[in-house]
Amino acid sequence: MKNSANHAHGEYTKSYLIELGIPESAFLPVALSRFTFEDALLTKPILIAEHITEAILVSSEFHIARVHYVFSHVQPNLELTLVTAKTPLSEIKLAQLYAHERQAMQREEANVLKLLSA
């Protein structure tokens, strides 16, 4: 699902973590991405510039498989640890989100094929 917010998701996450007490100096530049595939593409040069070889991916239980798939193909040299955040939604809403993820995964598989054949 495309980011319909006014700012990149990373900016919201950074602001939230700063409110929790994490110093601003602890953050790398935020990738100004709009969707999962762009997250992986736009974070790649940031991580390479900082010589980062390991990352922890945090996402909802319904989205984590797609995030893992995309990042592991776009950034195959990055060692990934997955952390799943429980989403406090009804079973019906979660089922809808899982259905969306199945459809979106088809798009991501096509994006990965296109990237690898370029």
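Where does His51 lie? His51 sits in the loop between H2 and strand E1 (54-60), where helices (H or I, at least four residues) and strands (E, at least two) are DSSP runs, numbered from the N terminus. The structure is a predicted model, in which local features need pLDDT of at least 70, side-chain atom pairs count only at pLDDT 80 or more, and totals for chains, interfaces and linings use all residues. Residues are numbered from 1 along each chain as its sequence is written, and side-chain values use heavy atoms, with hydrogens and water left out.

The overall layout comes next. The protein chain has four helices and two strands, and along the sequence these follow the pattern α-α-β-α-β-α. The radius of gyration of the protein chain is 15 Å, close to the 13 Å that the globule rule gives for 118 residues, so the chain is as compact as a globular protein of that length. That radius is taken over C-alpha atoms, and the globule rule is 2.2 Å times the number of residues to the power 0.38. Along its principal axes, the C-alpha trace of the protein chain spans about 40 × 40 × 25 Å.

Of the 118 residues in the protein chain, 31% are buried. Buried means under 20% relative accessible area, exposed over 50%, and partly exposed in between (1.4 Å probe, protein chains only). Among contacts in the protein chain with a separation of 6 or more, 66% come from residues 24 or more positions apart; contact means heavy atoms within 4.5 Å.

The surface can be described by area and by charge. The protein chain exposes about 8100 Å², and carbon and sulfur atoms supply 59% of it; accessible areas come from the Shrake-Rupley method with a 1.4 Å probe, and for residues only the protein chains shown count as cover. There are 10 positive and 13 negative side chains in the protein chain, and the centres of the two sets lie 9 Å apart. Lys and Arg count as positive and Asp and Glu as negative, while His and the chain ends are not counted. The place of a charge is taken as NZ of Lys, CZ of Arg, CG of Asp or CD of Glu.

Helix H4 covers residues 91-117, and its 27 residues should span 39 Å at 1.5 Å a residue; its end C-alpha atoms are 39 Å apart, which agrees. The expected span is 1.5 Å times one less than the number of residues in the helix. Buried residues of H4 include Leu94, Leu97, Glu101 and Met105, and their cover includes helix H2 (36-49) and helix H3 (64-74). Ala99 is also found in helix H4, but Ala99 counts as partly exposed at 29% relative accessibility. The C-alpha atoms of Ala99 and Phe62, 37 residues apart along the chain, are separated by 9.1 Å.

Gly10 lies in helix H1 (residues 9-19) and is partly exposed, with a relative accessible area of 30%. Between H1 and H2, the loop contains Ser25, which is exposed, with a relative accessible area of 70%.

His51 is likewise exposed, with a relative accessible area of 70%. Phi of His51 is near 60°, a positive value in a residue other than glycine. Most residues other than glycine have a negative phi.
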